[in-house]
Amino acid sequence: MNIILALIIFSVLVIIHEFGHFLFAKKNGIRVTEFSIGMGPRLVSFEKGETRYSWKLLPFGGSCMMLGEDEDIVSDKNDTFGCKSVWARISVVAAGPIFNFILAWILAVIVIGFVGPDKPVVLSVTQGSAAEQAGLREGDLVTKYNGTKVSLGREISLEQYIHPVSDQEIEITYERDGERKQTTIKPEKLTKYALGVNYTADGNPLEVKVIDGGALKEAGMENGDVITKFAGVEIQSGKQFNEYVQKHPITEDDIVIEYQRNNETREAKVTPVKNEYYSTGFSYNVYRDKVNALGVVKYSFVEVKYVIGSTLKSLSMLVQGKVKKDDVAGPVGIVDLIGDAYNETKDEGILYVFLTLANLTILLSANLGVMNLLPIPALDGGRLVFMLIEVVRGKPIDREKEGIVHLVGMILLMILMVLILFNDVSRLFR
């Protein structure tokens, strides 16, 4: 099921992309020799007009092949790619990524329509904290975080991920009762003792995901272990555990934990890890609330803008070496991600599964659009670079030389894909 869902999503993304090229090629009078769904040998095909429509063996990807796209061809009908004006060719090449952005927006309308956006509202302000001293109050709507305009709670999260909270002052612009205000927060240094665990605070048994280098990991616990007793207290669920640690904060003292692994009861002595960190003193909303029809349209654009922005910022961090190789996912990693999303939501019903996968498709579609617009040879962005140079020069660059550049780019991209694929597969066995 994971693979089937991934293939469906991949196919939709690529078909929409290629359909953008197809539609604008037809609009500009360029002959499309073949439009195909899938790759490899043809299973079914038929011709209509001057175009062959094909369904191919491998159920992913697709293509839009245009006459004279990669070579100089003379046609009496003036219907080759190369004979069209530079602006017509630019529109055809740019249409693919643009259609991916349109798909992302349409899906965003559906998702936002059902569940709404995560407005960056202040949920709580710690008494005596830097945020309280700066005048921030529960219910304030944050509109700018340290100079960056924000419309979603996730945008604040992204900024804090890229620029972790430190001893540097943070400028906050917010709205209260329709009035815009501005303040500055000086984060304070705090100490916290942590177990190094992720869990779901619901009514189910407390199944843990241990963090590498964390206290539970060091004590020998593993992902999937179920905590049954914590510091002598019986633990029935993640919700109960969450309530317990809220009332009894973790200290430096050792804690005895009983847990089950493969129906076997075990015991671990855990030494919490001391963490020092800087705190702004306020929490903000990352949960979604429904909005009216105009809000749906507005926040659908905001959603796509956020995904595009986060993609560009992630690429910047990758170039700067701030992103590890394990943070980059290729096809196998994406299949795994789609599978996790499906498995975690399938018990909630088909609507919840659809919305979760649609939200993931928004991310993938916008990513595909951004990646294809990068000025890399063999990608749409690389071809657009040559066309923009043609606009400036007033004449095209030699097609043979351009073809060599794109060929080299394709070879390098294939090498990169092999490396990413190898990393994806090796990560599955760790």
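Does Phe-46 count as buried, partly exposed or exposed, and at what relative accessibility? At 48% relative accessibility, Phe-46 counts as partly exposed (buried means under 20% relative accessible area, exposed over 50%, partly exposed in between, with a 1.4 Å probe and protein chains only).

## Basis of the model

This is a predicted model, in which local features need pLDDT of at least 70 and side-chain atom pairs count only at pLDDT 80 or more, while totals for chains, interfaces and linings use all residues. Residues are numbered from 1 along each chain as its sequence is written, and side-chain values use heavy atoms, without hydrogens and water.

## Aromatic pairs

The structure holds eleven aromatic pairs (rings of Phe, Tyr and Trp, the last by its six-membered ring, with centres within 6.5 Å; planes under 30 degrees apart count as stacked, over 60 as edge-to-face and the rest as tilted). The rings of Phe-22 and Phe-35 are tilted, with centres 5.1 Å apart and planes at 55°. Phe-22 is buried at 11% relative accessible area, and Phe-35 is buried at 10%.

Phe-46 and Tyr-53 form a stacked pair, 5.5 Å centre to centre with 25° between the planes. Tyr-53 is partly exposed, at 21%. Ring pairs link Phe-19, Phe-22, Phe-24, Phe-35, Phe-46, Tyr-53 and Phe-99 into a cluster.

## Surroundings of Arg-261

Arg-261 is buried, with a relative accessible area of 12%. A polar contact of 2.9 Å joins its side chain to that of Asp-225 (a pair of N or O atoms within 3.5 Å; within protein, one must be able to donate a hydrogen and the other to accept it, and residues adjacent in sequence count only if both atoms are side-chain atoms). A polar atom of the Arg-261 side chain also lies 3.0 Å from the backbone oxygen of Gly-220.
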